[in-house]
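I opened this model to look up a few things for my notes. My list covers aromatic rings, a ligand site and some strand pairing.

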Amino acid sequence: MIEQLQETTDYLIKRGVKDPQIGVILGTGLGSQFIEKMEVLVTVDYEDIPHFPEATVLSHEGKLFYGVINGKKVVALSGRFHFYEGYSMQQITMPVRVLKLLGIKQLLLSNAAGNMNLNWKKGELMLIDDHINLQPDNPLRGPNDEKLGSRFPDMSAPYDLKLNDKLKAIAKDRKIALREGVYVAVMGPNLETRAEYRFLKNIGADVVGMSTVPEVIVANHMELPCCAISILTDDCDPDNLKPVNIAEIIEIAGKAEVDLTELYIDLIHKL
Ligand code: HPA
């Protein structure tokens, strides 16, 4: 695996992706506003990157952008891979490993999630403080390559406390409501039944989604500090559940993107 990772990394370096400091993974409905804030130096289609999986989800663009934001070199991945698309856990997390080999020092993630906390509303943002992994496989399953990380990575603080403190301070300054809570990762692609939302809430999760956790596990394995923000796109109250509307989820994600972009641009400035 390490040879493939190195080939992909070498290809991107050849395309001009040099010494990035920060990596950003943009999730559902997020992306264009962030990319507009970037002085883009290089754009690479995923399909041109050796060993990269192909993006199959329509709302995801499938492009890597390299450029400068607030004087910092940033690589942004617009479009991520999900386990439900049929890829292996190793495939969906491969971009994170490549970003680390390219030299990033921090990884910023985002996603869309269903909200189960009745004190919060759809359209709001939540800083992920911790997670519960209910996906049926793990990107670290199989022989461990010590060059990448240790066999039993610590998960006592999977989301970097310093990055989270910075984000909370920025949100306060900018008067952006930033909730804080627990994300539970499920496989999908179907949404949950009422009984499943009730269960997920009862085991201690605030929001539910189908991504991010495998990427965060791999980042922790490589000792890459990361943070993640969820856009709460739909209300998942088991006692008052409405049929899901994917178009609405994407619309809400687009509106909340303004605040999320501001938080991450400001964070990048402070790193
Ligand atoms: N469940 C799982 N994933 C999601 C949801 C949800 O309700 N909303 C957005 N992503």
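**Entry 1: aromatic rings.** I began with one aromatic cluster, formed by Tyr-46, Phe-52, Phe-81 and Tyr-87. I kept in mind that this is a predicted model. I counted aromatic pairs across the structure and found 4. One of them is Tyr-46 with Phe-52, an edge-to-face pair at 5.0 Å centre to centre and 65 degrees between the planes. I then looked up Phe-81 and Tyr-87. Their ring centres are 5.6 Å apart and their planes stand at 80 degrees, so I noted this pair as edge-to-face too. The cut-off for that label is over 60 degrees.

Phe-81 and Tyr-87 are both buried.

**Entry 2: the ligand.** Next I listed the residues around the ligand. Among them are Ala-112, Ala-113, Gly-114, Tyr-197, Met-210 and Asp-234. By class, I get 7 nonpolar, 3 polar and 2 charged residues in the shell.

Which strands supply at least two residues of the shell each? They are β5 (106-115), β8 (207-209) and β9 (226-235). The largest share is from β5, with 3 residues.

I checked distances to polar atoms of the protein. Tyr-197 places a polar side-chain atom 2.7 Å from a ligand oxygen. For Gly-114 the polar atom belongs to the backbone, and a nitrogen of the ligand is 3.2 Å from it. I also looked up the cover: on its own the ligand has 260 Å² of accessible area, and the protein covers 94% of that.

**Entry 3: strand β4.** I moved on to β4, residues 72-78. The strand is mostly covered, with 6 of its 7 residues buried.

What does β4 pair with? Strand β1 (residues 22-26) runs parallel to β4, and 5 bridges join the two. As an example I noted Ile-22, whose bridge partner in β4 is Val-74. Strand β3 (residues 63-69) runs antiparallel to β4, with 7 bridges. Here Val-68 has Lys-73 as its bridge partner in β4.

Last, I checked the turn. The hairpin of β3 and β4 has 2 residues between the strands. In this hairpin, Asn-70 takes a positive phi near 50 degrees.

Key. Residues are numbered from 1 along each chain as its sequence is written. This is a predicted model: local features need pLDDT of at least 70, side-chain atom pairs count only at pLDDT 80 or more; totals for chains, interfaces and linings use all residues. Side-chain values use heavy atoms; hydrogens and water are left out. Rings of Phe, Tyr and Trp (its six-membered ring) pair if their centres lie within 6.5 Å; planes under 30 degrees apart count as stacked, over 60 as edge-to-face and the rest as tilted. Buried means under 20% relative accessible area, exposed over 50%, partly exposed in between (1.4 Å probe, protein chains only). A residue is near a molecule or strand if one of its heavy atoms lies within 4 Å of it. A polar contact is a pair of N or O atoms within 3.5 Å; within protein, one must be able to donate a hydrogen and the other to accept it, and residues adjacent in sequence count only if both atoms are side-chain atoms. Accessible areas come from the Shrake-Rupley method with a 1.4 Å probe; for residues, only the protein chains shown count as cover. Helices (H or I, at least four residues) and strands (E, at least two) are DSSP runs, numbered from the N terminus. Ala, Val, Leu, Ile, Met, Phe, Trp, Tyr, Cys and Pro count as nonpolar, Asp, Glu, Lys and Arg as charged, and the others, Gly among them, as polar. Two strands pair if DSSP finds at least two bridges between them.
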